[in-house]
Amino acid sequence: MAHFEEVLKQSNVHPKPAGLVLQYGTAGFRTNAKQLDHIMFRMGMLATLRSKKTKATIGVMVTASHNPEEDNGVKLIDPMGEMLTPAWEDYATQLANVEQEELLTSLKDIIEKEAIQMSQEANVFVGKDTRSSSARLSQAVVDGVIALGSQLKDYGLVTTPQLHYMVCCQNTQGKYGEATLKGYYSKLCQAFIHLTKNASNRTDDQKHIYVDGANGIGALKMREMESHLKNDLRISIFNDGSRGKLNHECGADFVKVQQKPPTGIKINSGDRCCSFDGDADRIVYYYTDSQGLFHLLDGDKIASLISSFLKELTTQAGLDLVIAVVQTAYANGSSTRYLEDTMKVIVRCTKTGVKHLHHAAQEFDIGVYFEANGHGTVLFSKAAEEKIRQRAEDANINDEMKKAALLLQSTINVINQTVGDAIADMLLVEAILAVRGMTVKQWDAIYSDLPNRQLKVKVSDRRVIDTTDAERQAVSPAGLQEAIDSLVKKYRQARSFVRPSGTEDVVRVYAEADTQESADALAHEVSLAVYRLAGGVGHEPKPLH
Ligand code: G16
């Protein structure tokens, strides 16, 4: 077939380095940008096959999110704007790793297994972040898409969640919104303005937010959005990419892991700040108090704020809807206790990776899902959306119920339900604080985090670590879980787990305990156990103090 000749021709322009093997990780392929040209070309082809199979538009986003500037990666987006179905991750890995001469055989194998009609039309949306390698790599994606004869729309520079949004809009024939940046900004901003317009408790300083753009795409997109907010929110953007390096000492991952403010941001005590990551799908909040102490409000605290707001509104609107919060093993123990004991909402724990949380959240009327690192959103079932709509239009209810139902409708519209979205999440948090007249300190005080520490350990092959129970227990290498268990016993209110990262070549270690010294000591001791039992490379981990 003509397409296959074109594939052969183009694959010589995007050759695979012989012997290179890469795995589809937590959120797609991710490694040094120099190794990714063939992956991008091949993922362009896979997206085309997925589009033919689903008879829908598929998205391909070129980004390495929180990773350093020299890395890059690719995330594939399924028809409703969600992450690629895990069933196809195996095809992605297969196609990524076959040598040049087996490429056609591998493509034909996928076509046959999935019974794909090659005459079916295909459509692929492509987007990229601001990395210097992204332009070249997104061209490789485009070459792959065109080689298999698909239609294509290149959105150029967009945040990851914006591309997820476009894909969903396209495949719902505009029911979710208009598949343009203008459509995205106006939907979110109109909903935000609606939420805040009658917020009688809102103070002036609640109309001003400081944003660390991680020197990435989020900063550019916030600037684009500003005019749609019609001065309802003042935004001061730091780390906008004009000087600093992407994700370097700034951004959501840095702030969360280091538990300190990013460089490049000038703020006074009590100012409300947030940090995005490199592709603006994560957000964390923070402030410093009058003693100069740093306070982090991470994904757990954001989930707690949002779920309490939704519970209050559904109760006021007289709606009986089941609300659940989905977390991962990284969720702070205090947040889980607060949600279960004080808020009385259902809490679920899944493996790391938004695809797992998203899936679990779909089981409820309202599923709030957040990773502690600030990656999350809210999902409303179709039935829940319909009940809210009917209640808002019901002429026979009292004013309080009506107001709550209308606020719920606007809340749905300010959220990007396809995936975690730093911009949409920020607008939602800002609206909730405005409606409640709540300061960042009051929000922070809903519960106190247990002190915690995250570390990374380099090992020769991180796949030697295997986990179970939503990553809370290590099943291999032998002896590691026993070692962790006996270390945890030495400290009060302690918990620790380890897991191989799916985005970096490291093993991640998490520990929490009653004091910061204990959490730090436990994290260090567990790191040593990983180093010794899982084939650590380089120097032994040193104590933090
Ligand atoms: C991705 C995933 C997240 C995950 C993070 C870290 O985020 O989408 O769900 O928490 O990687 O994963 P790991 O610990 O496996 O490296 P992002 O924002 O980097 O795309």
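Is Asp520 buried or exposed? At 2% relative accessibility, Asp520 counts as buried; buried means under 20% relative accessible area, exposed over 50%, and partly exposed in between (1.4 Å probe, protein chains only). The model shown is predicted: local features need pLDDT of at least 70, side-chain atom pairs count only at pLDDT 80 or more, and totals for chains, interfaces and linings use all residues. Residues are numbered from 1 along each chain as its sequence is written, and side-chain values use heavy atoms, with hydrogens and water left out.

**View A. The salt bridge of Arg453 and Asp520.** The closest N and O atoms are 2.7 Å apart. A salt bridge is a side-chain nitrogen of Lys or Arg within 4 Å of a carboxyl oxygen of Asp or Glu. Arg453 lies in strand β15 (residues 452–457) and Asp520 in helix α18 (residues 516–533), so the pair ties together parts 67 residues apart in sequence. Helices (H or I, at least four residues) and strands (E, at least two) are DSSP runs, numbered from the N terminus. Arg453 is buried too, at 14% relative accessible area.

**View B. The interface of domain 1 and domain 2.** Domain 1 spans 2–157 and domain 2 spans 183–296; the bounds come from an automatic or database domain assignment. Eleven residues of domain 1 and 14 residues of domain 2 make the contact, meaning heavy atoms within 4.5 Å. About 950 Å² is buried between them, with 53% from carbon and sulfur atoms. This area is the accessible area (1.4 Å probe) that two parts lose on being put together, summed over both. Two salt bridges cross the interface. Lys75 pairs with Asp279 at 2.9 Å between the closest N and O atoms. Lys75, Asp279 and Asp281 are linked in a network of salt bridges.

**View C. The surroundings of His375.** His375 sits in the loop between β13 (366–370) and β14 (376–380). His375 is buried, at 7% relative accessibility. Beyond neighbours within four places in sequence, its contacts include Asp281, Arg282 and Tyr369.

**View D. The salt bridge of Arg202 and Asp232.** The N to O distance is 3.3 Å. Arg202 lies in the loop between α7 and β6, and Asp232 in the loop between α8 (217–226) and β7 (234–238), so the pair joins parts 30 residues apart in sequence. Arg202 is buried at 12% relative accessibility. Asp232 is buried at 17%.

**View E. The salt bridge of Glu393 and Arg389.** Their side chains meet at 2.8 Å, N to O. Glu393 is exposed at 53% relative accessibility, while Arg389 is partly exposed at 32%.
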